[in-house]
Amino acid sequence: MTAISSAENKQYKKAKSLALKKYRDREGLFVAEGPNLVEEALEANMADTVFLREGYSGWLPREEVSTRVLTLAPGLFDKLSDTENSRGILATVVKPEYSKEHVLGKDKRVIVLDRLQDPGNIGTVIRTAEAAGLDGVAWVKGTGDPFSPKAVRAAAGSVLRIPMVCTGDPEETLDLLKDAGKTIILSHVKGEETDSLPKDDTAIIIGNEGNGPDDCFIQGAHMTVKIPMSGKVESLNAAVAAAILMYKQDERR
């Protein structure tokens, strides 16, 4: 292992730059923090460089792993970490790439994020999509970055496993979904209540937390549904609504 004590180290500077989306996009990398995520990235051969905080004594990569493993002085590591109570290990990871055709292919069940902004919501939807057995996640241009540190933590490894793709602006996305033969299901407060949703070859659309879905989705959806709510509650958290709808899908329909 190589010990790094200078903030001018090339690998350190590259990792630190990944706090910003433009550098994540340019480098094709993101940061995964914690032993579980790092281990999974290594097993998937997606880890670029592993960084350890000096004195770290937890899980370590096997000696035969070819990925670079660097030890950082505590002050440097803490500036790289995005958490208050870091476990002392993180890695730069290659962003998985999928084509729109792969994610939206025939018989694929997907969820579409329409300009969601909160990284915790984004990561939670991705994690729930995998748990609910969906085949992929798509996001509309203007959605927060699914590979931001907070979104990656909330997804708990699902960003490494479930196929994901950006589908362009809302109009482009709607055209892609229709061309792919998807039954488009829109979550909207003015929709109809239903006990179950179709499951085969579907796309569930979850709109922006504050403004709701884009008008083109309102006009172009095959089904517009709402979740029944009691009391004076007018809406649910976007990730909660997404989870309910994904689990409402029923093979019998």
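**Close-up views of a predicted model**

**View 1. β6 (110–113), β9 (183–193), β10 (202–206) and α9 (215–220) are among the elements that cover the buried residues of α8.** The model shown in this and every other view is predicted. Helix α8 runs over residues 170–179, and its buried residues are Pro-170, Thr-173, Leu-174 and Leu-177. Seen down the axis of α8, these buried residues fall within an arc of 100°, so they line one face of the helix.

**View 2. The two ends of α8 show a side-chain to backbone approach and a positive phi.** At the start of the helix, Asp-169 places a side-chain oxygen within 3.2 Å of the backbone nitrogen of Glu-171. Just after α8 comes Gly-181, whose phi is positive, at about 75°.

**View 3. The largest pocket has a volume of about 390 Å³.** Its lining consists of 20 residues, and those closest to the pocket centre are Ser-187, His-188, Val-189, Ser-235 and Leu-236. Three elements, β9, β11 (223–226) and α10 (238–248), each contribute at least two lining residues. The largest share comes from β9, with 3 residues. Sorted by class, the lining of the largest pocket holds 9 nonpolar, 9 polar and 2 charged residues.

View 4. The largest share, 3 residues, is that of β8. By class, the lining of the second largest pocket divides into 9 nonpolar, 3 polar and 6 charged residues.

**View 5. The structure contains 1 cavity of 30 Å³ or more.** The space inside the largest cavity is about 40 Å³. Its lining is formed by Val-31, Ala-32, Glu-33, Asp-82, Pro-149, Val-152 and Arg-153. The elements that supply two or more of these residues are β2 (29–33) and α7. By class, the lining of the cavity has 4 nonpolar and 3 charged residues, with no polar ones.

**View 6. Asp-145 sits in the loop between β7 (136–139) and α7.** Its relative accessibility is 9%, under the 20% limit, so Asp-145 counts as buried. Leaving out residues up to four places away in sequence, Asp-145 touches Lys-21, Arg-24 and Ala-151. Helix α7, at one end of this loop, also gives two or more residues to the lining of the largest cavity.

**View 7. Ala-156 lies in the loop that joins α7 (149–155) and β8.** Its phi is positive, near 55°, although the residue is not glycine. With 33% relative accessibility, Ala-156 counts as partly exposed.

**View 8. Asn-45 is part of the loop between α3 (35–43) and β3 (47–53).** This residue, which is not a glycine, takes a positive phi of about 60°. Asn-45 is exposed, and its relative accessible area is 71%.

**View 9. Gln-11 belongs to helix α1, residues 10–17.** The relative accessible area of Gln-11 is 17%, and because the limit for buried is under 20%, this residue is classed as buried. Apart from neighbours within four places in sequence, Gln-11 is in contact with Asp-48, Thr-49, Phe-51, Arg-68 and Leu-70.

How values were computed: Residues are numbered from 1 along each chain as its sequence is written. This is a predicted model: local features need pLDDT of at least 70, side-chain atom pairs count only at pLDDT 80 or more; totals for chains, interfaces and linings use all residues. Side-chain values use heavy atoms; hydrogens and water are left out. Buried means under 20% relative accessible area, exposed over 50%, partly exposed in between (1.4 Å probe, protein chains only). Helices (H or I, at least four residues) and strands (E, at least two) are DSSP runs, numbered from the N terminus. The arc is that of the directions from the helix axis to the C-beta atoms. Contact means heavy atoms within 4.5 Å. A polar contact is a pair of N or O atoms within 3.5 Å; within protein, one must be able to donate a hydrogen and the other to accept it, and residues adjacent in sequence count only if both atoms are side-chain atoms. On a 1 Å grid over the protein atoms alone, a cavity is a set of points where a 1.4 Å probe fits but cannot get out, and a pocket is an open set with protein on both sides within 12 Å along at least five of seven lines; lining residues have an atom within 4 Å of a point. Grid points are joined across faces, edges and corners, and a volume is the space filled by probe spheres set on the points. Ala, Val, Leu, Ile, Met, Phe, Trp, Tyr, Cys and Pro count as nonpolar, Asp, Glu, Lys and Arg as charged, and the others, Gly among them, as polar.
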